[in-house]
Amino acid sequence: MRVVRALGPHALAEATIRTGVTHQVRAHLALAGHPVLGDERYGGPPVDLPRGRHALHAAALCFPHPATGNPMRLTSPLPAELERLVERLDRARR
């Protein structure tokens with residue numbers, strides 16, 4: 001786990017998981033006292049996101065190509081609603 005940017009009482013963090021079980025990130029952060037924003041299941045504080053949406057995003061997935069075994073890396077930028085959330089939190093901390 002690495003903090004990318006402090007956002008007042010919150011932080012934008014980066015985690016690398018090896019198993020592909022995303023709820024482990026949610027559960028481990030909650031256990032450490034840092035639940036994911038909007039993650040009602042693990043006690044995350046509410047935020048202005050669509051119902052059922054929490055502030056967790058898979059920025060990249062890496063896996064072997066099924067036919068060749070060559071490594072593949074797929075990336076996805078932060079969705080607009082999470083970009084807006086980060087901007088709001090960043091403005092609020094100033």
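This is a short tour of the structure, stop by stop.

**Before you start**

The model is predicted, so local features need pLDDT of at least 70, side-chain atom pairs count only at pLDDT 80 or more, and totals for chains, interfaces and linings use all residues. Residues are numbered from 1 along each chain as its sequence is written, and side-chain values use heavy atoms, with hydrogens and water left out.

**Stop 1: the whole chain**

Show the cartoon. The protein has two helices and four strands. Along the sequence they follow the pattern β-β-α-β-β-α. Here helices (H or I, at least four residues) and strands (E, at least two) are DSSP runs, numbered from the N terminus. The C-alpha trace spans about 50 × 25 × 25 Å along its principal axes.

The protein exposes about 7000 Å², and carbon and sulfur atoms supply 55% of it. Accessible areas come from the Shrake-Rupley method with a 1.4 Å probe; for residues, only the protein chains shown count as cover. Of the 94 residues, 17% count as buried. Buried means under 20% relative accessible area, exposed over 50%, and partly exposed in between (1.4 Å probe, protein chains only).

**Stop 2: helix α1**

Select residues 23-31, which form α1. Which residues of α1 are buried? They are V25, R26 and L29. Seen down the axis of α1, these buried residues fall within an arc of 100°, so they line one face of the helix. The arc is that of the directions from the helix axis to the C-beta atoms. An α-helix has 3.6 residues a turn, so residues three or four places apart point the same way.

Turn to the face of α1 away from its buried side. That face carries the exposed residues H28 and L31. Then step just past α1 to G33, which takes a positive phi of about 90°.

**Stop 3: D39**

Select D39, in the loop between α1 and β3. Is D39 buried or exposed? D39 counts as buried, at 2% relative accessibility. Show its contacts (heavy atoms within 4.5 Å). Not counting residues up to four places away in sequence, D39 touches R26, G44 and H54. R26 is one of the buried residues of α1.

**Stop 4: D90**

Move to D90, in helix α2. D90 is buried, with a relative accessible area of 9%. Leaving aside its neighbours within four places in sequence, D90 is in contact with R5 and L7. H10 and D90 are 80 residues apart along the chain, yet their C-alpha atoms are separated by 9.3 Å.

**Stop 5: the largest pocket**

Finish at the largest pocket, with about 1400 Å³ of space. Of the 41 residues that line it, the closest to its centre are A13, E14, A15, L56 and H57. Which strand gives the most to the lining? It is β2, with five residues. β2 covers residues 10-14. Elements that each supply at least two residues include β1 (2-7) and α2 (80-93).

On a 1 Å grid over the protein atoms alone, a pocket is an open set of points where a 1.4 Å probe fits, with protein on both sides within 12 Å along at least five of seven lines; lining residues have an atom within 4 Å of a point.

Definitions and conventions
Grid points are joined across faces, edges and corners, and a volume is the space filled by probe spheres set on the points.
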